[in-house]
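Hi,

Here is the structure you will be working on. Please open it and keep it beside this email as you read.

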Amino acid sequence: MKRREFLRLGTVAAALPAVRSFGAVAGGELPPWAEAKIDEAVARFRAWKGADEVVSFTFVTDVHSHLLEIASKPDFSNSRYHVLFAQAVADRAECDFLVDGGDHDYDNGNPSPENALKRMAVTKHVYEGYAAKPVLFCLGNHDHGSYPADKKSPRPISSALFGDTFNGLAEKHGFKLAFGENKSWGFYDVPGKKFRAIFCNTSDDGYYGVSVSQLDFLKKALETMPEGWTAAAFGHYCVFSEIGHWKNPNMTLFSCKRRKEFMDVLESFVQKRPNALAGYFCGDSHFDNEMELRGVNWTIFQGYGGVGRANKPWGARTVSFSRAKDMLFDIVAVKPSVGEFKIFRVGAGGPVCDRLCVFHNRF
Ligand SMILES: [Fe+2]
């Protein structure tokens, strides 16, 4: 960790009475294995970028950590703390923003409303000291803190509470975001770059499901985008379920409410403006996969979750790794002028997991 980043974390930790400074960790530095992998990925990104203008972001997803307590120092063997790596990458690669694809996992590992809120507080803690760039959060199906036993009472973590807690941070840090009915979905216009980053909540109606209100917002967010701009959409669940589902007879393939309507919104938009949507980026499946369908690029990131070999559908790819010795997230860089984006793996799998997509001139 660069000294500047270390100081920032130390400052925030000092502001929280129950927390001791992260500065006790290895003299305020990231583990050497992390430094090496971060530098290598950032170098690959820079080489591809060259002198071109890019819009870039880190995409961390499916952290799936059950940590209940804020530690006195980061435990880098726990994936919850790997978001600190993404923050370091965003600074070094000069990314425009960060995306957290959801499923920090508040409803497993001794679930209860109290524990869900405690886990959420740990996630907030590792993010709230990072004010350099906006972080866009997408709520995952494991982030509501589970259904109460009667399935009628409110969930421990509502979409509104999630939005206030996480996407509210970017506002507190001075970034201008537009929000929908609550702060769990909205968009961020990257200053000076004609780029709209739209973050979605794919569990705002049921376990997987998108509300009518959110669909309306998504449609307007795309339609009101000025000519000459490029958009990207983010969510947890791969709404194009055919490439994201697990091969499991106990799971329903198309169980996401209004998934077809969601796909229609994106497809209708690219029919009208074929070069104006880089794609939809998500997690949830715990494997890498991607496909273009009717002009929309659907991209899935593996992240930190697991998936059995027999559950992987055609095209799905995974890399095994130890969270104590490696990380797994990506940098995404979009070049709107030439209509390409490239994904650079940070950590497990390395350059073999990089992906290039051309999104211009589809029709
Ligand atoms: Fe997950």
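**The seven-stranded sheet**

7 strands form an open sheet with mixed pairing, in the order β4-β5-β6-β7-β8-β10-β9. Its edge strands are β4 (177-179) and β9 (289-293), each of which pairs on one side only. From one strand to the next, the twist averages 20°. Within this sheet, β8 and β10 pair in the parallel sense over 3 bridges. Cys282 stands opposite Ile300 in β10.

Some ground rules before going on. This is a predicted model: local features need pLDDT of at least 70, side-chain atom pairs count only at pLDDT 80 or more, and totals for chains, interfaces and linings use all residues. Residues are numbered from 1 along each chain as its sequence is written.

Now the terms. Helices (H or I, at least four residues) and strands (E, at least two) are DSSP runs, numbered from the N terminus. Two strands pair if DSSP finds at least two bridges between them. Axes are lines fitted to C-alpha atoms, for helices over the stretch in contact, and angles run from 0 to 180 degrees between N-to-C directions.

Helix α8 (residues 259-272) has 14 residues. From its first C-alpha to its last it reaches 20 Å, close to the 20 Å expected at 1.5 Å a residue. (The expected span is 1.5 Å times one less than the number of residues.)

Which residues of α8 are buried? They are Phe262, Val265, Leu266, Phe269 and Val270. They cover an arc of only 120° around the axis, which puts them on the same side of α8. (The arc is that of the directions from the helix axis to the C-beta atoms.) On the other side of α8, Lys260 and Lys272 are exposed. (Buried means that 20 or more other C-beta atoms lie within 10 Å of the residue's own; exposed means 12 or fewer; partly exposed is in between; C-beta atoms are placed from the backbone.)

The buried residues of α8 pack against α6 (212-223), β7 (230-234), β8 (277-282) and β10 (296-300). (Two residues are in contact if their C-beta atoms, placed from the backbone, lie within 7 Å.)

Turn to α6. Helix α6 has 12 residues and reaches 16 Å, close to the 16 Å expected. Gln214, Phe217, Leu218, Ala221 and Leu222 are its buried residues. They cover an arc of only 130° around the axis, which puts them on the same side of α6. Val212 and Glu223 are exposed on the face turned away from that buried side. The buried residues of α6 pack against β5 (186-190), β6 (195-199), β7 and α8.

**The six-stranded sheet**

6 strands form another open sheet, in the order β3-β2-β1-β11-β12-β13, again with mixed pairing. β3 (135-137) and β13 (355-358) stand at the edges, each with a single partner strand, so one side of each is left without a neighbour in the sheet. Strand β2 (residues 97-100) runs parallel to β3, joined by 3 bridges. The bridge partner of Asp100 in β3 is Phe137.

Look at β11 (residues 328-335). 8 of its 8 residues are buried, so β11 is largely enclosed by the rest of the structure. Leu328, Asp330, Val332 and Val334 point one way, while Phe329, Ile331, Ala333 and Lys335 point the other way. In a regular strand the side chains alternate between the two faces of the sheet.

β11 pairs in the antiparallel sense with β1 (residues 55-60) over 5 bridges. Thr58 has Ile331 as its bridge partner in β11. β11 also pairs in the antiparallel sense with β12 (residues 340-347), over 8 bridges. β11 and β12 form a hairpin with 4 residues between them. Gly339 in the turn has a positive phi of about 70°.

Helix α3 (residues 83-92) lies across β1, β2, β11 and β12, at about 170° to β1. 8 of its 10 residues are buried, so α3 is largely enclosed by the rest of the structure.

Which residues have the most contacts inside the largest nonpolar core? They are Val89, Ile198, Phe199, Phe234 and Ile331, and the core has 100 residues. Its largest share, 7 residues, comes from α3. (A nonpolar core is a set of buried Ala, Val, Leu, Ile, Met, Phe, Trp, Tyr and Cys residues joined through C-beta atoms within 7 Å.) Leaving aside neighbours within four places in sequence, Val89 is in contact with Ile38, Ala41, Val42, Thr58, Ile331 and Val346.

Best wishes
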